[in-house]
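Reader: I'd like to go through this chain with you before I use it for anything. Could you bring it up, and we'll start with the confidence?

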Amino acid sequence: MAKTKAQEMTEYDPEVVELMIEYKKGWSNLANATRDMAKLTGLIPEVCKALLELSKRNNVVELRGYSKVPEILIDGKKKKAAQRAAQLREAGQAVPQPSDHITE
């Protein structure tokens with residue numbers, strides 16, 4: 001049975017997604033990302049290089065909850081949020097609920 005466009009779009013290789021995110025965030029250079037993408041996808045390096053060069057590095061967004069944030073930064077955000085909540089309670093103000101974007 002033929003796959004619908006929606007089914008094709010939901011099938012992706014997490015390793016390729018991680019590779020592209022690492023390149024876009026500057027954690028990998030173009031040569032290494034091109035080499036790795038060619039190995040994973042079977043595309044020729046010229047196609048991989050063109051694909052990576054066309055993806056801008058200034059529009060990186062969190063993708064499906066994927067985050068490579070060091071644990072120490074997450075702990076710092078949680079501690080700062082707890083301190084701010086304590087200050088608001090002391091001042092008699094409403095304390096907002098913890099954000100969903102601070103994940104473990």
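**Confidence, fold and core**

Author: Among the elements of the chain, helix 1, covering residues 5-10, has the lowest mean pLDDT, at 61, while helix 3 has the highest, at 92. This is a predicted model, and the pLDDT averages 78 over the chain, with 69% of the residues scoring at least 70.

Reader: What should I keep in mind where pLDDT is low?

Author: Where pLDDT is low, the predicted coordinates should not be read in detail.

Reader: Fine. How many helices and strands does the chain have?

Author: There are five helices and zero strands, and the order of elements, read from the N terminus, is α-α-α-α-α.

Reader: And how much of it counts as buried?

Author: Of the 104 residues in the chain, 16% count as buried. The accessible surface comes to about 8,300 Å², and carbon and sulfur atoms hold 56% of that surface.

Reader: Which residues make up the largest nonpolar core?

Author: That core has eight residues in all, namely V16, L19, Y23, A33, M37, A38, C48 and L52. At least two of its residues come from each of helix 2 (14-24), helix 3 (30-41) and helix 4 (45-54).

Reader: Take helix 2, then. Which of its residues are buried, and what do they pack against?

Author: The buried residues of helix 2 are V16, L19, I21, E22, Y23 and K24, and they pack against helix 3 and helix 4. Just after helix 2 comes G26, which takes a positive phi of about 90°.

Reader: Let's look at A33. Where is it, and is it buried or exposed?

Author: A33 sits in helix 3, and because its relative accessibility is 0%, below the 20% under which a residue is called buried, A33 counts as buried. Leaving out residues up to four places away in sequence, A33 touches L19, Y23, S28 and L52. For the pair A33 and L52, which lie 19 residues apart along the chain, the C-alpha atoms are separated by 8.0 Å.

Reader: What about C48, which residues is that one in contact with?

Author: Once neighbours within four places in sequence are set aside, C48 is in contact with T34, M37, A38, T41 and L43.

Reader: Where does E53 sit, and why does it count as partly exposed?

Author: E53 is in helix 4, and it counts as partly exposed because its relative accessibility is 44%, which falls between the 20% and 50% limits.

Reader: Switching to charges: how many salt bridges are found in the whole structure?

Author: A search of the whole structure finds one salt bridge, formed by R35 and D36, whose closest N and O atoms are 3.2 Å apart. R35 is partly exposed with a relative accessible area of 42%, and D36 is also partly exposed, with a value of 26%.

Reader: Last one. Which residues form a nonpolar patch on the surface?

Author: L43, I44 and V47 form such a patch, with about 240 Å² of accessible area together.

Key. Residues numbered from 1 in each chain as written. Predicted model: local features only at pLDDT ≥ 70, side-chain atom pairs only at ≥ 80, totals over all residues. Heavy atoms only, no water. Core = buried A, V, L, I, M, F, W, Y, C linked by side-chain atoms within 4.5 Å. Buried < 20%, exposed > 50% of the residue type's maximum accessible area, 1.4 Å probe, protein only. Helix = DSSP H or I, 4+ residues; strand = E, 2+ residues; numbered from the N terminus. Contact = heavy atoms within 4.5 Å. Areas by Shrake-Rupley, 256 points an atom, 1.4 Å probe, with all protein chains shown as cover. Patch = residues over 30% accessible without salt bridge, like charges linked within 9 Å, V, L, I, M, F, W, Y side chains within 5 Å. Salt bridge = Lys/Arg side-chain N within 4 Å of Asp/Glu carboxyl O. pLDDT = per-residue confidence, 0-100.
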